[in-house]
Amino acid sequence: MAGRGVELDLFQGALTVGVRHLPKGEYFAAYRSFLRAAALAEGEADRELARGLVHLAAAGHKLRLGDVRGYERQLARARRRLTPFLPEARRLDLAGLLGLVVRDAR
């Protein structure tokens, strides 16, 4: 059981690192951090949360590449996965993060 706490800390740490990249527009770095969080997730809820954030970062990355259609698809996937957790989960302002990526599209 002692190891489980360390894994949860690594999960939260990966989420936190990813979230720090988003406001800077470092979507690929955020994507990689969220992928790591998904791999570290213990339960299905944490895995879904991390996967939703993976899609959110992918949406921002697609937008930066000029792939508007890809952005829209990834954003729809992010919303679908993150909606059950809104507005906040694991001390993360999910509504704010979604708004951040949507504002970037304007």
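This is a predicted model: local features need pLDDT of at least 70, side-chain atom pairs count only at pLDDT 80 or more; totals for chains, interfaces and linings use all residues.

Residues are numbered from 1 along each chain as its sequence is written, and side-chain values use heavy atoms, leaving out hydrogens and water.

**Exercise 1.** Work out how α3 and α4 are oriented to each other.

*Solution.* Start with the helices, which are DSSP runs of H or I with at least four residues, numbered from the N terminus: α3 covers residues 44-64 and α4 covers residues 68-82. Next, take the angle of about 160°, with the axes 8 Å apart. Because of that angle, α3 is roughly antiparallel to α4 (angles over 145 degrees count as such).

**Exercise 2.** Find where H55 sits and decide: is H55 buried or exposed?

*Solution.* First, locate H55 in helix α3. Its relative accessibility is 16%, so H55 counts as buried (under 20% relative accessible area; exposed is over 50%). Finally, list its contacts (heavy atoms within 4.5 Å): leaving aside residues up to four places away in sequence, H55 touches Q74, R77, A78 and R81.

**Exercise 3.** Describe the packing of α4 with α5.

*Solution.* Helix α5 spans residues 94-104, and it packs with α4 at about 170°, with the axes 12 Å apart. The two helices are therefore roughly antiparallel to each other. On the α4 side, the contact uses Y71, L75, R79 and L82; on the α5 side, L94, L98, V101 and V102.

Methods. Axes are lines fitted to C-alpha atoms, for helices over the stretch in contact, and angles run from 0 to 180 degrees between N-to-C directions. Angles under 35 degrees count as roughly parallel, over 145 as roughly antiparallel, 65 to 115 as roughly perpendicular and the rest as oblique. Buried means under 20% relative accessible area, exposed over 50%, partly exposed in between (1.4 Å probe, protein chains only).
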